[in-house]
Amino acid sequence: MPRQPRARQTRAALIEATEILVAREGEAAVTTSRVAAACGVAVGSVYRYFADRDALLLAAYDDTVARIVAACAAALERLDPTTPVDVAARMMLEHYLTAADAVPAHVGLLRVMRRLRPVEHDQGQAENRIVGDLLGPFLARFAPAIPTPDPHALAFLNALLGTLVDLYLVEDRADIRLRLRDDIEAHMVLALGRILAGAPDEDGN
């Protein structure tokens with residue numbers, strides 16, 4: 001990440017231009033020359049910030065996810081912390097899916113990400129983003145009885161939800177989406193229940 005404000009602005013503009021192209025014309029429309037032209041910079045400027053076109057597309061994907069997570073976390077912050085954890089979890093899912101659907105380029109970038117990035121790499125990135133910025137704070141707020149959730153359980157929950165949510169987002173048919181949404185909720189509540197059941201009681205057992 002660049003440190004100078006102007007460099008950060010240029011990088012952000014390149015990502016935004018990429019996102020707009022994906023939303024309007026699809027991933028195939030993204031070329032470094034078109035992105036550079038949209039930002040009014042030379043093509044060489046793109047390579048100052050991104051190794052190649054794929055890196056630019058992946059950065060745009062990561063940016064959409066960061067915005068979705070931030071929107072979801074902000075919505076949960078406004079929710080009463082005494083809300084039962086299963087109810088709060090369903091609301092978290094609702095906020096996440098709504099925020100993801102509201103980003104026009106997200107699904108196109110998601111398809112690119114799944115093609116370009118190994119699953120283990122994405123899980124590593126997502127641990128910092130989803131687990132650190134959303135799932136961890138979620139459990140701290142709505143399940144404070146868990147002092148330190150098992151990181152392996154959180155990683156599993158993240159992998160489970162990430163896979164199911166991605167399947168939901170790339171699906172176009174409304175009936176299949178509805179069924180997938182029910183499946184996501186059921187698996188999410190089950191996984192959360194297992195995490196809560198594994199938490200120590202008041203005596204530390």
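This is a predicted model: local features need pLDDT of at least 70, side-chain atom pairs count only at pLDDT 80 or more; totals for chains, interfaces and linings use all residues.

Reply: Residues are numbered from 1 along each chain as its sequence is written, and side-chain values use heavy atoms, with hydrogens and water left out.

Me: How many helices and strands does the protein chain have?

Reply: Helices (H or I, at least four residues) and strands (E, at least two) are DSSP runs, numbered from the N terminus; the protein chain has nine helices and zero strands.

Me: At what angle do the axes of H5 and H8 cross?

Reply: Axes are lines fitted to C-alpha atoms, for helices over the stretch in contact, with angles from 0 to 180 degrees between N-to-C directions. Helix H5 (residues 85-101) and helix H8 (residues 151-170) have axes that come within 11 Å and cross at roughly 40 degrees. Angles under 35 degrees count as roughly parallel, over 145 as roughly antiparallel, 65 to 115 as roughly perpendicular and the rest as oblique, and H5 and H8 are therefore oblique to each other.

Me: Is Arg177 buried or exposed?

Reply: Buried means under 20% relative accessible area, exposed over 50%, partly exposed in between (1.4 Å probe, protein chains only); Arg177, in helix H9 (residues 174-197), counts as buried because its relative accessibility is 17%.

Me: Which residues does Arg177 touch, not counting those up to four places away in sequence?

Reply: With contact meaning heavy atoms within 4.5 Å, Arg177 touches Asp101, Tyr168, Leu169 and Glu171.
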